[in-house]
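Open the model in your viewer and keep the sequence panel at hand.

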Amino acid sequence: MQASPVKTFMLKVIVWLPVCFAGWYYMRGVIGLPTFILVDKIMLGWLPDFIKDIEFQGHLLNVVLQFAPPPEIKVPEGQKAELLFSVNSLMYGYSIPLYTALVLATPDEERAKWVHWIIGLIILVLAQTWGVSFDILQTLLFKLDISLSSQLGFSSLQKELVALGYQFGYLILPAVTPLVLWIGFHQEFLGQLVPGMRNQFKR
Amino acid sequence: MLRFFIVFLAIQATLFTAELTPPVQKAIVIPFTESIASLSAWLVKLFDSGVIAYSNVIRDQDSGFAVAIEAGCNGVEATIVLVAAMLAMPAPWKLKLMGIGGGFLAIQIMNLLRIITLFYLGQWNKTAFDWAHLYIWQALIMLDVLIVFLIWLRFLPEKEAPQGAAHAG
């Protein structure tokens with residue numbers, strides 16, 4: 001008796017998943033580097049008067065803020081107050097081991113696997129950058145004291161959009177992107193898993 | 001395929017934005033999340049009597065450990081993804097509705113398993129809880145969505161290949 005192709009494929013994914021998660025976690029300092037560089041460029045370029053520095057520490061992005069202190073905080077004259085908070089970049093990057101497991105479990109030529117994986121990785125890094133950037137923004141806008149967050153000068157609509165962007169980057173992007181990429185890159189294999197699939201999509 | 005992705009992303013963005021609006025939160029998401037918490041507590045009580053649930057929280061009375069079921073933990077977003085994928089697929093409405101119903105059940109069963117395992121993992125080890133909560137279960141729930149979608153696709157009636165495609169190659 002032959003096992004269902006969907007079942008066989010999923011068993012392979014389940015076998016690859018812990019391996020990919022372990023590799024992803026132990027390589028987090030390297031895998032997370034492109035996201036850090038992008039977030040650093042975007043946020044420091046956009047809010048240079050508010051964000052003094054972003055440091056990359058393992059999987060944490062430590063954001064150092066500088067701002068005109070409110071009256072109740074005393075700092076030496078001419079100096080600004082500083083505040084630090086951290087963002088866990090892995091929360092937005094679990095899509096990478098999931099996508100890697102899906103690619104490894106799919107029968108394909110070695111070269112095609114590498115190409116799909118690298119293109120996928122670039123897109124997932126962009127999705128992770130979205131998530132981390134909006135996490136920083138929502139912290140600045142909604143978790144800091146109003147006297148500080150108001151210094152950013154965001155309108156109500158902009159705040160709403162940041163809230164939506166944050167939720168989208170946390171709840172949807174890391175979950176959906178690997179599946180969309182996998183389906184997009186493996187239509188041939190999908191046709192084997194699901195007979196008649198190619199005709200379904202031809203419309 | 002392009003049409004599928006465009007429709008899928010449009011439906012998903014619409015449903016997700018609607019989910020975040022206060023009226024939908026108040027009328028559907030919050031009561032649903034609370035019912036998930038109650039159902040989880042009821043299931044846990046079948047083998048562990050020291051558990052109580054209130055609002056969206058499940059608490060162990062002995063250790064005081066509690067988990068709150070928040071957005072992202074109620075399976076709503078995973079359901080939205082599956083619904084968007086099934087609606088975007090050219091298929092008979094009866095099959096779409098059956099797929100959405102069956103998929104919703106499959107996601108919620110998996111989600112109950114997630115909540116219960118996280119509840120006990122958290123009492124055992126905080127690091128294991130964080131790992132399972134933030135990364136592992138997120139990936140497993142999406143795999144569940146993918147499995148349901150692939151199985152559902154196998155039930156769709158085969159469409160004839162477009163004219164010309166039969167002659168290709």
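Predicted model: local features only at pLDDT ≥ 70, side-chain atom pairs only at ≥ 80, totals over all residues.

**Stop 1: His116(A)**

Is the His116(A) side chain buried or exposed? His116(A) counts as buried, because its relative accessibility is 13% and the cut-off for buried is under 20%. Now show what His116(A) touches. Leaving out residues up to four places away in sequence, the partners are Tyr99(A), Asp108(A), Phe185(A) and His186(A).

**Stop 2: helix H4 of chain A**

Pick residues 95-105 of chain A, which form helix H4. Ten of its eleven residues are buried, so H4 is largely enclosed by the rest of the structure. Colour the buried ones: Ser95(A), Ile96(A), Pro97(A), Leu98(A), Tyr99(A), Thr100(A), Ala101(A), Leu102(A), Val103(A) and Ala105(A).

What covers them? From chain A, the cover includes helix H1 (5-26), helix H2 (28-31), H5 and helix H7 (156-185). Chain B takes part too, with its helix H5 (126-155). Show these helices together with H4(A) to see the cover from both chains.

**Stop 3: Met43(A)**

Go to helix H3 of chain A, residues 33-46, and select Met43(A) within it. Met43(A) is buried, since its relative accessible area is 1%. Beyond its neighbours within four places in sequence, Met43(A) is in contact with Pro48(A), Ile51(A), Ile54(A), Ser133(A), Ile136(A) and Leu137(A). Now draw a C-alpha to C-alpha distance from Met43(A) to Phe134(A). It reads 9.9 Å, across 91 residues of sequence.

**Stop 4: two cysteines**

Select Cys20(A). It is buried, with a relative accessible area of 8%. Then select Cys73(B), which also counts as buried, at 15% relative accessibility. How many disulfides are there over all chains? The count is zero.

**Stop 5: chain A as a whole**

Zoom out and show chain A as a cartoon. It holds nine helices and three strands. Along the sequence the order is α-α-α-β-β-β-α-α-α-α-α-α. The radius of gyration of chain A is 21 Å, well over the 17 Å that the globule rule gives for 203 residues, so chain A is more spread out than a compact globule. Its C-alpha trace spans about 80 × 40 × 25 Å along the principal axes.

Switch to a surface. Chain A exposes about 10200 Å², and carbon and sulfur atoms supply 63% of that. Of its 203 residues, 50% are buried. Colour the charges next: 14 positive and 14 negative side chains, with the centres of the two sets 12 Å apart.

**Stop 6: chain B as a whole**

What is the order of its elements from the N terminus on? They run α-α-β-β-β-α-α-α. The radius of gyration of chain B is 19 Å, well over the 15 Å from the globule rule for 169 residues, so chain B is more spread out than a compact globule. Its C-alpha trace spans about 70 × 35 × 25 Å along the principal axes.

Buried residues make up 45% of the 169 in chain B. The accessible surface comes to about 8400 Å², with 69% belonging to carbon and sulfur atoms. Chain B has 10 positive and 11 negative charges, and their mean positions are 9 Å apart. Last, turn to contacts between residues at least 6 apart in sequence: in chain B, 65% of these join residues at least 24 apart.

Technical notes:
Residues numbered from 1 in each chain as written. Chains lettered and ligands numbered in written order. Heavy atoms only, no water. Helix = DSSP H or I, 4+ residues; strand = E, 2+ residues; numbered from the N terminus. Rg over C-alpha atoms; globule rule 2.2 N^0.38 Å. Buried < 20%, exposed > 50% of the residue type's maximum accessible area, 1.4 Å probe, protein only. Contact = heavy atoms within 4.5 Å. Areas by Shrake-Rupley, 256 points an atom, 1.4 Å probe, with all protein chains shown as cover. Lys, Arg positive; Asp, Glu negative; His and termini not counted. Charge placed at Lys NZ, Arg CZ, Asp CG, Glu CD. Disulfide = S-S within 2.5 Å.
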